[in-house]
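Here is a friendly walk through one protein model, written to be read with the structure open beside you. Take a look at the picture before you read on.

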Amino acid sequence: MSEGTPRDRAEQLLLARISEAAGRARLGRRRAVHRAPLTASEGRAAAVRRGAYRLLRAGGGKGAQAGARLDFYEHGVTAAVEGRIHVVRFDTTAVRRRRVLSSQGIARALVLVDVDGERVVLRCGDFAHPEVWGPELRRAVTAAQVPRALAALAQGTRLTFGTLWITEDEVGSRGTSLRWPQVEQIEILNGAVAIRVAGRWQVLGSVASRIPNPFVFHALAQHLAGIAPRGGVRADG
């Protein structure tokens, strides 16, 4: 039997490198893979030549090439790009939302921190089905980090999310603080953290793009304020 094309062999080698990196970081079993998408009118070779879909590291860099992919595991995700494998653990990463420049204009993106402290930018158009992998990434990070955060709060720790901070008793930003029983509702809307107190909304803290793991903050705030979540974790703005 043929050993396959050079492209097939390259993909096998890449998969072996990804699996090795995931094993070292103890990410567990692979759950899903997301690759760079193709348009209906383009073949794979044309898409690679034109470099239409890219994964950029924060601060610039070349676009993603053939073989760029996201692999989701039980405890993290790997991003293969430019011949490198970035490994992210759900329980330790910081995720921020950004709007970045793409070949199609301004695009939404998630900026992750990998296990080596490097930032990786995942733009929504760079990998197929961002409506699937984006929410899944947020859910996985929330599920991994909220229990540990609640345990820390119970021990009296004050947690910070950018300019925002929370304790087991209060939430605040700069010179403003509120006790949890005062909070009737909390949302992240249009890039801002909004809290309803005594029937009135007020903005608390900076825009959401500057808050690391805003969905973790939101889940913790709802729990501490005794607000039942509605339809999962919100990540607007």
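This is a predicted model: local features need pLDDT of at least 70, side-chain atom pairs count only at pLDDT 80 or more; totals for chains, interfaces and linings use all residues.

Helix H1 covers residues 6-24, and at 1.5 Å a residue its 19 residues should span 27 Å; the end C-alpha atoms are 27 Å apart, which agrees. Four residues of H1 are buried: Leu 14, Ile 18, Ala 21 and Ala 22. Viewed down the axis of H1, the buried residues fall within an arc of 95°, so they line one face of the helix.

What do the buried residues of H1 pack against? Their partners are the strands E1 (30-35), E2 (69-73), E3 (76-81) and E4 (84-89). On the face turned away from the buried side, H1 carries the exposed residues Gln 12, Leu 13 and Arg 24. Just after H1, Arg 26 takes a positive phi of about 55°.

**The nonpolar cores**

The largest nonpolar core has 44 residues, and Phe 161, Ile 166, Val 171 and Leu 220 have the most contacts inside it. Helix H4 (residues 214-225) gives the most to this core, with 8 residues. Apart from it lies another core, of 10 residues, including Ile 18, Ala 22, Tyr 73 and Val 87.

**Two residues and their contacts**

Gln 145 sits in helix H3 (residues 130-154). Is Gln 145 buried or exposed? Its relative accessible area is 14%, and since buried means under 20%, Gln 145 counts as buried. The table sets its contacts beside those of Phe 161, leaving out residues up to four places away in sequence.

| Residue | Touches (heavy atoms within 4.5 Å) |
|---|---|
| Phe 161 | Ile 166, Ile 211, Pro 212, Asn 213, Val 216, Phe 217, Leu 220 |
| Gln 145 | Phe 90, Asp 91, Thr 92, Thr 93, Asn 213, Val 216 |

**The open sheet**

Four strands form an open sheet in the order E8-E9-E10-E11, with antiparallel pairing. Strands E8 (159-161) and E11 (176-179) stand at the edges, each with a single partner strand, so one side of each is left without a neighbour in the sheet. On average, neighbouring strands here are turned by 20° against each other, direction ignored.

E8 is joined to strand E9 (residues 164-166) by 3 bridges, and the two run antiparallel. Within E9, Trp 165 is the bridge partner of Thr 160.

Terms used:
Residues are numbered from 1 along each chain as its sequence is written. Side-chain values use heavy atoms; hydrogens and water are left out. The expected span of a helix is 1.5 Å times one less than its number of residues. Buried means under 20% relative accessible area, exposed over 50%, partly exposed in between (1.4 Å probe, protein chains only). The arc is that of the directions from the helix axis to the C-beta atoms. A nonpolar core is a set of buried Ala, Val, Leu, Ile, Met, Phe, Trp, Tyr and Cys residues joined through side-chain atoms within 4.5 Å. Two strands pair if DSSP finds at least two bridges between them. Axes are lines fitted to C-alpha atoms, for helices over the stretch in contact, and angles run from 0 to 180 degrees between N-to-C directions.
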